[in-house]
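Here is a short report for a first look at this structure. Keep the sequence and the 3D view at hand while reading.

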Amino acid sequence: MITISTTQALADFCERAARHPYVTVDTEFLRERTYYSKLCLIQLALPAEGEENAVLVDPLIGEIDLEPLYALFRNPDVVKVFHAARQDLEIFCVEGDVIPAPLFDTQVAAMVCGFGEQAGYETLVRKIARQPLDKTSRFTDWSRRPLTDAQKHYALADVTHLRTIYEYLDAELRKSGRMDWVEEELAVLSDPATYSVEPDEAWRRIKTRTQSGRFMAIVKELAAFRERYAQERNIPRNRVYKDDAMLELASTKPQSEKDLARARLLLREARRGEIADGILAAVKAGMTSDPSTHPQPDRSREKLQVNPALADLLRVLLKAKSETAGVAQKLIATSADLDLIAGGERDVQALTGWRNKVFGMDAVRLCRGEIGLVAKGADVVVFDLT
(Lines give C-alpha, C1' and ligand atoms only; values in the text may rest on other atoms or scores of the structure.)
Protein backbone atom coordinates (compact mmCIF):
# COMPACT_ATOMS: atom_id res chain seq x y z
CA MET A 1 0.00 0.00 0.00
CA ILE A 2 1.37 3.35 -1.05
CA THR A 3 0.89 6.38 1.18
CA ILE A 4 1.65 9.80 -0.27
CA SER A 5 2.74 12.46 2.21
CA THR A 6 4.75 14.92 0.07
CA THR A 7 3.69 17.45 -2.51
CA GLN A 8 6.08 16.03 -5.11
CA ALA A 9 4.78 12.48 -4.74
CA LEU A 10 1.21 13.78 -5.06
CA ALA A 11 2.14 15.81 -8.15
CA ASP A 12 3.73 12.71 -9.75
CA PHE A 13 0.61 10.62 -9.13
CA CYS A 14 -1.72 13.34 -10.40
CA GLU A 15 0.39 13.72 -13.54
CA ARG A 16 -0.13 10.02 -14.25
CA ALA A 17 -3.81 10.32 -13.40
CA ALA A 18 -4.22 13.07 -15.98
CA ARG A 19 -3.48 10.49 -18.70
CA HIS A 20 -6.44 8.30 -17.67
CA PRO A 21 -10.15 8.78 -18.46
CA TYR A 22 -11.18 8.76 -14.81
CA VAL A 23 -9.98 8.61 -11.21
CA THR A 24 -11.98 7.30 -8.25
CA VAL A 25 -11.94 9.41 -5.10
CA ASP A 26 -12.99 9.07 -1.47
CA THR A 27 -12.12 10.76 1.81
CA GLU A 28 -12.03 9.97 5.50
CA PHE A 29 -12.81 12.84 7.85
CA LEU A 30 -14.03 13.78 11.31
CA ARG A 31 -16.73 16.32 12.14
CA GLU A 32 -17.93 15.49 15.63
CA ARG A 33 -15.91 18.25 17.32
CA THR A 34 -15.69 20.89 14.58
CA TYR A 35 -17.95 23.03 12.39
CA TYR A 36 -16.00 22.20 9.25
CA SER A 37 -14.98 18.63 8.46
CA LYS A 38 -11.39 17.78 9.36
CA LEU A 39 -9.83 16.06 6.33
CA CYS A 40 -7.85 13.05 7.53
CA LEU A 41 -7.22 10.95 4.41
CA ILE A 42 -7.81 10.97 0.66
CA GLN A 43 -8.02 7.77 -1.38
CA LEU A 44 -7.38 7.76 -5.13
CA ALA A 45 -7.40 4.96 -7.70
CA LEU A 46 -6.74 4.84 -11.43
CA PRO A 47 -8.48 2.46 -13.86
CA ALA A 48 -5.59 0.02 -14.14
CA GLU A 49 -4.97 -2.63 -11.51
CA GLY A 50 -1.74 -2.57 -9.54
CA GLU A 51 -0.56 -1.26 -6.19
CA GLU A 52 0.92 1.87 -7.75
CA ASN A 53 -2.51 2.84 -9.11
CA ALA A 54 -4.37 2.95 -5.78
CA VAL A 55 -2.91 5.28 -3.18
CA LEU A 56 -3.62 6.97 0.12
CA VAL A 57 -2.89 10.69 0.42
CA ASP A 58 -2.22 11.61 4.05
CA PRO A 59 -2.54 15.34 4.81
CA LEU A 60 -1.79 14.81 8.50
CA ILE A 61 1.81 13.60 8.20
CA GLY A 62 4.69 15.50 6.66
CA GLU A 63 4.07 18.73 4.78
CA ILE A 64 1.87 18.40 1.74
CA ASP A 65 0.20 20.96 -0.52
CA LEU A 66 -2.96 19.55 -2.13
CA GLU A 67 -2.80 21.91 -5.13
CA PRO A 68 -1.69 19.11 -7.55
CA LEU A 69 -4.88 17.24 -6.59
CA TYR A 70 -6.99 20.36 -7.04
CA ALA A 71 -5.46 20.85 -10.48
CA LEU A 72 -6.50 17.30 -11.35
CA PHE A 73 -10.00 18.09 -10.07
CA ARG A 74 -10.14 21.01 -12.52
CA ASN A 75 -8.91 18.89 -15.46
CA PRO A 76 -11.88 18.60 -17.86
CA ASP A 77 -10.50 15.44 -19.48
CA VAL A 78 -10.60 13.27 -16.34
CA VAL A 79 -13.89 12.20 -14.76
CA LYS A 80 -13.79 12.33 -10.96
CA VAL A 81 -15.80 9.41 -9.57
CA PHE A 82 -17.25 9.46 -6.04
CA HIS A 83 -19.90 7.53 -4.15
CA ALA A 84 -22.36 9.70 -2.17
CA ALA A 85 -20.20 12.71 -2.97
CA ARG A 86 -21.86 15.54 -1.05
CA GLN A 87 -19.70 15.53 2.10
CA ASP A 88 -16.51 14.93 0.13
CA LEU A 89 -17.31 17.80 -2.20
CA GLU A 90 -18.04 20.12 0.71
CA ILE A 91 -14.56 19.44 2.09
CA PHE A 92 -12.84 20.27 -1.19
CA CYS A 93 -15.06 23.31 -1.77
CA VAL A 94 -14.23 24.73 1.69
CA GLU A 95 -10.54 23.74 1.84
CA GLY A 96 -9.50 24.19 -1.79
CA ASP A 97 -12.25 26.36 -3.28
CA VAL A 98 -12.70 23.69 -5.95
CA ILE A 99 -15.46 21.29 -6.97
CA PRO A 100 -14.24 18.35 -9.08
CA ALA A 101 -15.46 18.40 -12.69
CA PRO A 102 -16.53 16.51 -14.61
CA LEU A 103 -18.18 14.68 -11.73
CA PHE A 104 -19.82 11.25 -11.44
CA ASP A 105 -21.63 10.03 -8.32
CA THR A 106 -22.25 6.29 -8.31
CA GLN A 107 -25.01 6.57 -5.70
CA VAL A 108 -27.04 8.88 -7.94
CA ALA A 109 -26.28 6.75 -10.99
CA ALA A 110 -27.31 3.58 -9.15
CA MET A 111 -30.70 5.11 -8.27
CA VAL A 112 -31.24 5.96 -11.93
CA CYS A 113 -30.22 2.42 -12.89
CA GLY A 114 -32.72 0.71 -10.61
CA PHE A 115 -30.68 -0.13 -7.51
CA GLY A 116 -33.25 1.34 -5.14
CA GLU A 117 -33.36 4.25 -2.72
CA GLN A 118 -30.01 5.65 -1.56
CA ALA A 119 -28.03 2.65 -2.81
CA GLY A 120 -25.21 2.01 -0.34
CA TYR A 121 -21.63 1.37 -1.39
CA GLU A 122 -21.60 -2.05 0.26
CA THR A 123 -24.69 -3.05 -1.75
CA LEU A 124 -23.10 -1.98 -5.03
CA VAL A 125 -19.85 -3.78 -4.22
CA ARG A 126 -21.81 -6.96 -3.58
CA LYS A 127 -24.15 -6.68 -6.57
CA ILE A 128 -21.82 -5.23 -9.21
CA ALA A 129 -18.23 -5.97 -8.17
CA ARG A 130 -19.27 -9.34 -6.68
CA GLN A 131 -16.89 -8.82 -3.79
CA PRO A 132 -17.25 -8.86 0.01
CA LEU A 133 -16.51 -5.66 1.89
CA ASP A 134 -14.93 -5.50 5.33
CA LYS A 135 -16.56 -2.60 7.22
CA THR A 136 -14.94 -3.22 10.62
CA SER A 137 -13.00 0.07 10.42
CA ARG A 138 -16.09 2.13 9.56
CA PHE A 139 -16.20 4.01 12.88
CA THR A 140 -12.48 4.40 13.40
CA ASP A 141 -10.78 7.63 14.47
CA TRP A 142 -9.12 8.68 11.22
CA SER A 143 -7.14 11.46 12.87
CA ARG A 144 -4.96 9.09 14.91
CA ARG A 145 -1.57 8.10 13.56
CA PRO A 146 -0.11 5.75 12.60
CA LEU A 147 -2.90 4.13 10.61
CA THR A 148 -3.18 0.36 10.95
CA ASP A 149 -3.01 -1.99 7.97
CA ALA A 150 -6.70 -2.77 8.55
CA GLN A 151 -7.57 0.92 8.27
CA LYS A 152 -5.54 1.28 5.08
CA HIS A 153 -7.14 -1.78 3.46
CA TYR A 154 -10.59 -0.50 4.42
CA ALA A 155 -9.87 2.95 2.99
CA LEU A 156 -8.46 1.66 -0.30
CA ALA A 157 -11.44 -0.65 -0.81
CA ASP A 158 -13.61 2.45 -1.04
CA VAL A 159 -11.90 3.43 -4.31
CA THR A 160 -10.68 0.15 -5.82
CA HIS A 161 -14.14 -1.48 -6.03
CA LEU A 162 -15.48 1.88 -7.16
CA ARG A 163 -13.67 1.40 -10.48
CA THR A 164 -15.78 -1.65 -11.35
CA ILE A 165 -18.97 0.01 -10.14
CA TYR A 166 -18.32 3.15 -12.19
CA GLU A 167 -17.53 1.28 -15.39
CA TYR A 168 -20.68 -0.84 -15.05
CA LEU A 169 -22.99 2.11 -14.29
CA ASP A 170 -21.42 4.28 -16.98
CA ALA A 171 -22.06 1.56 -19.56
CA GLU A 172 -25.65 1.10 -18.35
CA LEU A 173 -26.38 4.80 -18.56
CA ARG A 174 -24.96 5.09 -22.07
CA LYS A 175 -26.96 2.04 -23.15
CA SER A 176 -30.21 3.47 -21.74
CA GLY A 177 -29.54 7.04 -22.85
CA ARG A 178 -29.95 8.31 -19.30
CA MET A 179 -26.58 9.97 -18.77
CA ASP A 180 -28.23 13.38 -18.97
CA TRP A 181 -30.56 12.34 -16.12
CA VAL A 182 -27.56 11.85 -13.85
CA GLU A 183 -25.96 15.10 -15.02
CA GLU A 184 -29.19 16.92 -14.18
CA GLU A 185 -29.05 15.52 -10.64
CA LEU A 186 -25.38 16.40 -10.22
CA ALA A 187 -25.99 20.07 -11.03
CA VAL A 188 -26.89 20.74 -7.39
CA LEU A 189 -23.79 18.93 -6.11
CA SER A 190 -21.63 20.92 -8.51
CA ASP A 191 -22.98 24.28 -7.35
CA PRO A 192 -20.71 25.99 -4.75
CA ALA A 193 -23.82 27.58 -3.20
CA THR A 194 -24.81 24.10 -1.99
CA TYR A 195 -21.95 24.20 0.51
CA SER A 196 -22.26 27.82 1.62
CA VAL A 197 -24.12 28.55 4.86
CA GLU A 198 -24.98 32.23 5.22
CA PRO A 199 -25.61 33.15 8.88
CA ASP A 200 -28.51 35.44 7.97
CA GLU A 201 -30.24 32.50 6.28
CA ALA A 202 -29.59 29.97 9.07
CA TRP A 203 -33.05 30.52 10.59
CA ARG A 204 -34.65 28.73 7.64
CA ARG A 205 -33.40 25.37 8.99
CA ILE A 206 -35.08 25.86 12.36
CA LYS A 207 -38.33 23.91 12.76
CA THR A 208 -40.93 25.75 14.82
CA ARG A 209 -44.69 25.78 15.10
CA THR A 210 -44.75 29.43 16.17
CA GLN A 211 -44.82 31.79 13.19
CA SER A 212 -45.37 35.20 14.81
CA GLY A 213 -43.24 37.91 13.26
CA ARG A 214 -41.52 39.04 16.46
CA PHE A 215 -40.77 35.48 17.55
CA MET A 216 -39.29 34.65 14.15
CA ALA A 217 -37.25 37.88 14.17
CA ILE A 218 -35.59 36.78 17.41
CA VAL A 219 -35.03 33.26 16.03
CA LYS A 220 -33.38 34.79 12.97
CA GLU A 221 -30.99 36.87 15.09
CA LEU A 222 -30.17 33.98 17.42
CA ALA A 223 -29.55 31.60 14.52
CA ALA A 224 -27.31 34.12 12.77
CA PHE A 225 -25.24 34.74 15.90
CA ARG A 226 -24.86 31.00 16.55
CA GLU A 227 -23.78 30.33 12.95
CA ARG A 228 -21.17 33.11 12.95
CA TYR A 229 -19.83 32.09 16.35
CA ALA A 230 -19.54 28.43 15.31
CA GLN A 231 -17.91 29.25 11.97
CA GLU A 232 -15.36 31.65 13.44
CA ARG A 233 -14.29 29.17 16.12
CA ASN A 234 -14.78 26.02 14.03
CA ILE A 235 -17.00 24.31 16.59
CA PRO A 236 -20.31 22.47 16.06
CA ARG A 237 -23.28 24.83 16.23
CA ASN A 238 -24.89 22.62 18.90
CA ARG A 239 -21.91 23.36 21.14
CA VAL A 240 -23.08 26.99 21.19
CA TYR A 241 -26.72 26.15 21.89
CA LYS A 242 -29.17 23.64 20.48
CA ASP A 243 -32.29 24.38 18.46
CA ASP A 244 -34.64 23.71 21.37
CA ALA A 245 -32.69 26.15 23.55
CA MET A 246 -32.90 28.74 20.76
CA LEU A 247 -36.68 28.39 20.61
CA GLU A 248 -36.89 28.69 24.40
CA LEU A 249 -34.84 31.91 24.25
CA ALA A 250 -37.04 33.34 21.51
CA SER A 251 -40.06 32.61 23.67
CA THR A 252 -38.73 33.88 27.04
CA LYS A 253 -36.83 36.88 25.55
CA PRO A 254 -34.10 37.16 28.24
CA GLN A 255 -32.84 40.66 29.01
CA SER A 256 -29.95 39.87 31.34
CA GLU A 257 -27.57 37.13 32.45
CA LYS A 258 -29.88 36.63 35.42
CA ASP A 259 -32.64 35.76 32.95
CA LEU A 260 -30.30 33.40 31.11
CA ALA A 261 -29.57 31.59 34.36
CA ARG A 262 -33.24 30.57 34.49
CA ALA A 263 -33.19 28.99 31.00
CA ARG A 264 -33.91 25.27 31.26
CA LEU A 265 -32.28 24.17 27.98
CA LEU A 266 -29.28 26.48 27.69
CA LEU A 267 -25.83 24.97 28.20
CA ARG A 268 -24.07 26.23 31.33
CA GLU A 269 -21.17 27.77 29.39
CA ALA A 270 -23.65 29.74 27.26
CA ARG A 271 -25.05 31.61 30.28
CA ARG A 272 -22.05 33.90 30.60
CA GLY A 273 -19.21 35.39 28.60
CA GLU A 274 -19.22 35.89 24.83
CA ILE A 275 -22.10 33.53 24.09
CA ALA A 276 -24.31 35.15 26.72
CA ASP A 277 -23.47 38.60 25.36
CA GLY A 278 -24.29 37.40 21.85
CA ILE A 279 -27.60 35.93 22.93
CA LEU A 280 -28.71 39.08 24.71
CA ALA A 281 -27.69 41.24 21.75
CA ALA A 282 -29.53 38.95 19.34
CA VAL A 283 -32.71 38.99 21.43
CA LYS A 284 -32.55 42.79 21.67
CA ALA A 285 -32.01 43.11 17.91
CA GLY A 286 -34.98 40.86 17.23
CA MET A 287 -37.19 42.72 19.71
CA THR A 288 -36.39 46.15 18.27
CA SER A 289 -36.36 45.19 14.57
CA ASP A 290 -38.68 46.80 12.05
CA PRO A 291 -41.77 44.59 11.57
CA SER A 292 -41.41 44.98 7.81
CA THR A 293 -38.11 43.05 8.00
CA HIS A 294 -39.47 40.11 10.00
CA PRO A 295 -39.08 36.65 8.41
CA GLN A 296 -42.27 35.62 6.72
CA PRO A 297 -43.21 31.93 6.49
CA ASP A 298 -44.15 30.70 3.05
CA ARG A 299 -47.92 30.32 3.24
CA SER A 300 -48.45 30.20 -0.49
CA ARG A 301 -49.22 26.49 -0.36
CA GLU A 302 -51.33 26.48 2.80
CA LYS A 303 -54.45 27.20 0.75
CA LEU A 304 -53.99 24.12 -1.39
CA GLN A 305 -56.90 21.74 -1.09
CA VAL A 306 -55.30 18.31 -1.37
CA ASN A 307 -57.63 15.57 -2.58
CA PRO A 308 -56.49 12.54 -0.55
CA ALA A 309 -57.91 10.07 -3.07
CA LEU A 310 -56.07 11.78 -5.92
CA ALA A 311 -52.86 11.83 -3.89
CA ASP A 312 -53.23 8.08 -3.36
CA LEU A 313 -53.74 7.55 -7.09
CA LEU A 314 -50.58 9.54 -7.78
CA ARG A 315 -48.69 7.26 -5.40
CA VAL A 316 -49.91 4.23 -7.35
CA LEU A 317 -48.90 5.92 -10.62
CA LEU A 318 -45.45 6.75 -9.22
CA LYS A 319 -44.88 3.16 -8.14
CA ALA A 320 -45.90 1.89 -11.58
CA LYS A 321 -43.75 4.42 -13.42
CA SER A 322 -40.70 3.83 -11.22
CA GLU A 323 -40.92 0.08 -11.74
CA THR A 324 -41.31 0.48 -15.49
CA ALA A 325 -38.41 2.92 -15.73
CA GLY A 326 -36.26 1.07 -13.18
CA VAL A 327 -35.66 4.26 -11.19
CA ALA A 328 -35.94 4.75 -7.43
CA GLN A 329 -39.31 6.29 -6.49
CA LYS A 330 -37.85 8.94 -4.18
CA LEU A 331 -35.56 10.15 -6.94
CA ILE A 332 -38.60 10.86 -9.12
CA ALA A 333 -40.94 12.42 -6.55
CA THR A 334 -41.31 12.76 -2.79
CA SER A 335 -44.52 12.24 -0.85
CA ALA A 336 -44.71 16.02 -0.41
CA ASP A 337 -44.42 16.47 -4.19
CA LEU A 338 -47.40 14.18 -4.73
CA ASP A 339 -49.54 16.09 -2.24
CA LEU A 340 -48.65 19.37 -3.93
CA ILE A 341 -49.53 18.01 -7.36
CA ALA A 342 -52.80 16.64 -6.01
CA GLY A 343 -53.53 20.11 -4.60
CA GLY A 344 -53.07 21.76 -7.96
CA GLU A 345 -49.49 23.01 -7.55
CA ARG A 346 -47.41 22.79 -10.72
CA ASP A 347 -44.16 24.40 -9.60
CA VAL A 348 -42.83 21.05 -8.41
CA GLN A 349 -39.50 19.38 -9.23
CA ALA A 350 -41.29 16.17 -10.19
CA LEU A 351 -42.83 18.06 -13.12
CA THR A 352 -39.50 19.20 -14.56
CA GLY A 353 -36.66 17.73 -16.63
CA TRP A 354 -36.37 13.97 -16.99
CA ARG A 355 -38.85 13.45 -14.16
CA ASN A 356 -41.55 15.07 -16.25
CA LYS A 357 -40.96 12.59 -19.05
CA VAL A 358 -40.96 9.58 -16.74
CA PHE A 359 -43.80 10.60 -14.43
CA GLY A 360 -44.83 14.26 -14.47
CA MET A 361 -46.78 14.45 -17.72
CA ASP A 362 -48.95 11.46 -16.83
CA ALA A 363 -49.33 12.76 -13.27
CA VAL A 364 -50.86 15.98 -14.61
CA ARG A 365 -53.06 14.03 -17.04
CA LEU A 366 -54.27 11.88 -14.14
CA CYS A 367 -55.22 15.01 -12.22
CA ARG A 368 -57.15 16.27 -15.22
CA GLY A 369 -59.06 13.02 -15.57
CA GLU A 370 -57.50 12.27 -18.93
CA ILE A 371 -56.04 8.87 -17.95
CA GLY A 372 -56.96 6.08 -15.58
CA LEU A 373 -55.18 3.22 -13.84
CA VAL A 374 -56.12 -0.44 -13.98
CA ALA A 375 -54.57 -3.49 -12.33
CA LYS A 376 -53.58 -6.30 -14.64
CA GLY A 377 -52.19 -9.09 -12.56
CA ALA A 378 -49.25 -7.72 -10.60
CA ASP A 379 -48.94 -4.67 -12.87
CA VAL A 380 -50.66 -1.29 -12.92
CA VAL A 381 -51.45 -0.09 -16.45
CA VAL A 382 -52.23 3.45 -17.61
CA PHE A 383 -55.12 3.86 -20.08
CA ASP A 384 -56.62 6.85 -21.90
CA LEU A 385 -59.99 8.28 -20.90
CA THR A 386 -60.18 10.88 -23.66
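## Helices H5 and H6

The axes of H5 and H6 cross at roughly 60 degrees and come within 10 Å. Axes here are lines fitted to C-alpha atoms, for helices over the stretch in contact, with angles running from 0 to 180 degrees between N-to-C directions. Helices (H or I, at least four residues) and strands (E, at least two) are DSSP runs, numbered from the N terminus. The angle makes H5 oblique to H6. Angles under 35 degrees count as roughly parallel, over 145 as roughly antiparallel, 65 to 115 as roughly perpendicular, and the rest as oblique. The crossing of H5 and H6 is left-handed. Left-handed means that the near helix is turned anticlockwise from the far one by less than a right angle; clockwise is right-handed.

This is a predicted model: local features need pLDDT of at least 70, side-chain atom pairs count only at pLDDT 80 or more, and totals for chains, interfaces and linings use all residues. Residues are numbered from 1 along each chain as its sequence is written, and side-chain values use heavy atoms, leaving out hydrogens and water.

## The H5–H6 contact and His-161

Which residues of H5 meet H6? They are Tyr-121, Leu-124, Val-125, Ile-128 and Ala-129. Their partners in H6 include Ala-157, His-161, Ile-165 and Leu-169. Contact means heavy atoms within 4.5 Å. By class, the contact of H5 with H6 has eleven nonpolar residues, two polar and one charged. Ala, Val, Leu, Ile, Met, Phe, Trp, Tyr, Cys and Pro count as nonpolar, Asp, Glu, Lys and Arg as charged, and the others, Gly among them, as polar.

Take His-161, in helix H6. His-161 counts as buried, at 17% relative accessibility. Buried means under 20% relative accessible area, exposed over 50%, and partly exposed in between (1.4 Å probe, protein chains only). Beyond its neighbours within four places in sequence, His-161 touches Tyr-121, Val-125, Ala-129, Gln-131, Pro-132 and Leu-133. His-161 and Ala-129 are 32 residues apart in sequence, yet their C-alpha atoms are 6.4 Å apart.

## The loop between H5 and H6

Arg-130 lies in the loop between H5 and H6. Its phi is near 55 degrees, a positive value in a residue other than glycine. Arg-130 is exposed, at 65% relative accessibility.

Pro-146 is found in the loop between H5 and H6. A cis peptide bond joins Arg-145 to Pro-146, with omega about 5 degrees. Arg-145 also forms a salt bridge with Asp-58; the closest N and O atoms are 2.7 Å apart. A salt bridge is a side-chain nitrogen of Lys or Arg within 4 Å of a carboxyl oxygen of Asp or Glu. This pair links distant parts of the chain, 87 residues apart, with Asp-58 in the loop between strand S4 (54–57) and helix H2 (67–74). Asp-58 is buried at 2% relative accessibility, whereas Arg-145 is partly exposed at 26%.

## Other salt bridges

How many salt bridges does the structure hold? There are 21. One joins Arg-31 to Glu-90, with the closest N and O atoms 3.2 Å apart. Arg-31 sits in the loop between strand S2 (22–30) and strand S3 (38–45), and Glu-90 in helix H3 (residues 86–96). Arg-31 is partly exposed, at 28%, while Glu-90 is buried, at 19%.

Lys-319 pairs with Glu-323 in a salt bridge, the closest N and O atoms being 2.5 Å apart. The two are four residues apart in helix H12 (residues 308–325), so about one helical turn separates them. A network of salt bridges links Lys-321, Asp-362, Arg-365, Glu-370 and Asp-384.

## Helices H8 and H11

Helix H8 (residues 213–233) packs with helix H11 (residues 273–288) at an angle of about 150 degrees, their axes 8 Å apart. H8 is therefore roughly antiparallel to H11. Their crossing is right-handed. Among the contact residues are Ala-217, Ile-218 and Phe-225 of H8, and Ile-275, Gly-278 and Ala-282 of H11. The contact of H8 with H11 has eleven nonpolar, three polar and four charged residues.

Asn-234 lies in the loop between H8 and helix H9 (243–252). Asn-234 has a positive phi of about 55 degrees, although it is not a glycine.
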